[in-house]
Amino acid sequence: MRQYIIRRVLISLLVLLGVSMLLYALVRSMPADFVTISTSTSTRMTDEMRDALRASYGLDKSIPAGYVNWLIKALQGDLGNSLIHARPVTEVISGKIGITFGISALALLFELLIGIPLGILAARKRNTATDYTITIFVFLGISVPSFFLAALLKYWFGFYGLNILPTAGLVDARAIYNGFSIAKLLDYARHLIMPITVFTFVSMGEWLRYTRSNMIETIGSDYVRTARAKGVPEHKVIYSHAFRNTLIPIVTLLGASLPSLFSGAIITENLFGIPGMGSMLLEASQKGDVPLLMAACMFLAVCTVVGYLISDILYAVVDPRIRLS
């Protein structure tokens, strides 16, 4: 196990190096850079002044030279300063990452608490009205775009419908809170109901579908029929025998869901005006903020590599028959 982890870590470092090269080339190949975008409305800005700004921001170097310069600084822990915010990139990201992670983690918890039990129920009630109803629910979750569902929820519960939930932000702009309080917590909860609902509904179908398909296959196995023939209670057959083997593909999804905790927030956070990593990434891409884009994208790449490494290690925990070597 130790040798496997060391080998995977070394391979992951090479993968991250390749990803960083590709990302930097893509970011620097954008049609317009930060200087062009930020000075597009200025009539007094000359080409010489723009070139001077590019030199001050380090955007005058070629892509290979710029990448080497970025990599050397990144290995030293210096990710540069955000061109938009004029602050270190680490400060900008640290102020956003907690918001996105908290919202996405709550959504993932609801996805697991709803999707897995419904998947088990659909497998147990296969080819019945219950199964068909849950399957329709799955296809709706997979097919409905997040922006469409967000618009519906904002219409029904916000603007013109019941008008009982806020449609943007994290707290009421008119409220003043001094430190932590129950009122502040309830305000957060009201603002997060619709975003978390969108997160959960559009992603829950994947958990439900995998759980249902694997449970159907497992329930038909010989050892499950043998357990039933021996008189083992149905509850124990389902959850102690069948569901344990179903955990293997679920663990795979759980590891892969680590990067999606952040990347999946790009659209939803902007729809609900939440100041997290999603809105930060969109703003950085629109304005060509190279240091901020590189740091945020590399963070997602690291999350992806770590997520798959965790899922591989959890294989051996879920199924002792699996040995990693």
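Reader: Leaving aside neighbours within four places in sequence, which residues is T268 in contact with?

Author: Contact means heavy atoms within 4.5 Å. By that criterion, and with neighbours within four places in sequence set aside, T268 is in contact with S146, P195, V198 and F199. This is a predicted model in which local features need pLDDT of at least 70 and side-chain atom pairs count only at pLDDT 80 or more, while totals for chains, interfaces and linings use all residues. Residues are numbered from 1 along each chain as its sequence is written, and side-chain values use heavy atoms, with hydrogens and water left out.

Reader: Is T268 buried or exposed?

Author: Buried means under 20% relative accessible area, exposed over 50%, and partly exposed in between (1.4 Å probe, protein chains only). T268 has a relative accessible area of 3%, so it is buried.

Reader: How many residues does the largest nonpolar core have?

Author: In soluble globular proteins, nonpolar side chains tend to be buried together. A nonpolar core is a set of buried Ala, Val, Leu, Ile, Met, Phe, Trp, Tyr and Cys residues joined through side-chain atoms within 4.5 Å. Here the largest one has 27 residues, and M280, L292 and M294 have the most contacts inside it. A second, separate core has 17 residues, including F199.

Reader: Which residues does L292 touch, apart from neighbours within four places in sequence?

Author: With those neighbours excluded, the contacts of L292 are S82, H85, V89, V92, I93, M280 and A284.

Reader: Is L113 buried or exposed?

Author: L113 counts as exposed because its relative accessibility is 53%.
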